[in-house]
Amino acid sequence: MVEQNVHGEYKVPGGKLVVADLDVVDEHVRRAQISGDFFLEPDDALERINGALAGLPVATPAAQVAARVRGVLGDGVEMLGFSPDAVAVAVRRALTGATGWRDHEWEFVHDVPREPALQMALDEVLTEQVGSGERPPTLRVWEWASNAVIIGSFQSLSNEVDLDGAAKHDVTVVRRISGGGAMFVEPGNTITYSLYVPESLVSGLSFTESYAFLDDWVIGALNDLGIAATYQPINDITSPAGKIAGAAQKRLAGGAVLHHVTMAYDMDAAKMLEVLRIGREKLSDKGTTSANKRVDPLRSQTGLDRAEVIDRMVASFAGRYGLKPGSIDPATVELAEDRVTTKFGTEDWLTRVP
């Protein structure tokens with residue numbers, strides 16, 4: 001008989017913490033204890049939830065765990081700040097050996113300005129290094145050396161970008177390894193950061209859940225700046241005034257996850273509409289005024305300098321999870337430069353979807 005005691009936690013986006021402590025014997029949950037700072041009425045509903053989890057095979061998918069919990073609650077149960085699905089996520093995180101934010105020592109790199117293709121390559125290389133254990137989990141704030149449009153891994157270059165407009169405004173077009181939509185970047189108008197995390201941090205989470213999970217800290221940081229920021233599935237951070245940021249994510253085979261976010265600090269909507277075709281089509285009947293409404297920059301919402309916004313965001317992360325100074329060594333930069341030559345700076349990669 002093999003017995004294990006496992007622990008999993010899940011902070012519901014905009015809600016409460018759910019904790020699962022499980023005794024596992026021979027691939028089944030023998031005893032379960034769910035706890036957290038949520039609200040639940042009546043009290044005995046918690047006993048029913050714990051009872052529903054007893055006997056659960058460890059390989060049970062999250063949807064079936066949630067259904068099992070839902071099936072024992074019946075009418076008249078009030079779950080505030082959590083749900084059967086949140087319980088299921090906490091259980092799956094316990095059973096899959098998920099780690100928490102504070103289980104890791106985080107490094108912070110505020111990088112020097114780099115050209116767009118090198119930025120793409122560094123994202124891939126740094127993620128691989130976290131997966132191999134060469135680098136601890138890292139938060140990197142980018143600085144851009146030039147204007148750029150970054151298209152998603154699966155987007156059509158010709159459908160997304162007006163190459164004449166890009167040339168007119170000295171915009172370099174690059175393709176990233178993650179999916180999602182095109183981003184228009186000007187160095188002083190954008191805040192971009194990447195998280196390079198071990199896969200264990202998002203273990204037990206679906207792709208959609210992992211977006212919300214990895215964005216939770218920055219939502220809190222923006223709230224502290226006085227912005228009523230919220231997560232908008234699947235990959236947007238928004239506010240009542242308009243969209244603030246877009247996220248993208250890539251899970252690599254080596255056991256690490258890249259999660260990067262581009263935030264609008266300021267914007268030149270007219271220039272963006274001359275470069276991005278899709279944005280132009282969406283706004284064709286409304287023009288530049290609508291573009292400003294769709295994306296509301298941090299500068300207008302905070303009145304703070306870009307550097308101050310970044311400092312406060314980083315301080316918020318450090319206060320939650322801790323941060324120590326890090327760097328990108330010359331060997332890593334050289335490896336990324338090689339990737340520019342062989343992949344990210346090539347016509348084949350840029351036009352992989354023409």
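Biologist: Why is Arg 312 called partly exposed?

Modeller: Arg 312 has a relative accessible area of 40%. Buried means under 20%, exposed over 50%, and partly exposed in between (1.4 Å probe, protein chains only); Arg 312 is therefore partly exposed. This is a predicted model, in which local features need pLDDT of at least 70 and side-chain atom pairs count only at pLDDT 80 or more, while totals for chains, interfaces and linings use all residues. Residues are numbered from 1 along each chain as its sequence is written, and side-chain values use heavy atoms, with hydrogens and water left out.

Biologist: What makes the contact of Arg 312 and Glu 308 a salt bridge?

Modeller: A salt bridge is a side-chain nitrogen of Lys or Arg within 4 Å of a carboxyl oxygen of Asp or Glu. The N to O distance here is 2.8 Å, so the pair meets the definition. Both residues lie in helix α12, 4 residues apart, about one turn of the helix; helices are DSSP runs (H or I, at least four residues), numbered from the N terminus. Glu 308, at 32%, is partly exposed.

Biologist: How do you know whether Asp 23 is buried or exposed?

Modeller: Asp 23 has 11% relative accessibility and therefore counts as buried. Its side chain meets that of Arg 31 in a salt bridge of 2.9 Å, N to O, and Arg 31 is partly exposed at 40%.

Biologist: Which residues are linked in a network of salt bridges?

Modeller: Asp 111, Arg 114, Asp 123 and Arg 140 are linked in this way. The structure holds 19 salt bridges.

Conventions. Helix = DSSP H or I, 4+ residues; strand = E, 2+ residues; numbered from the N terminus.
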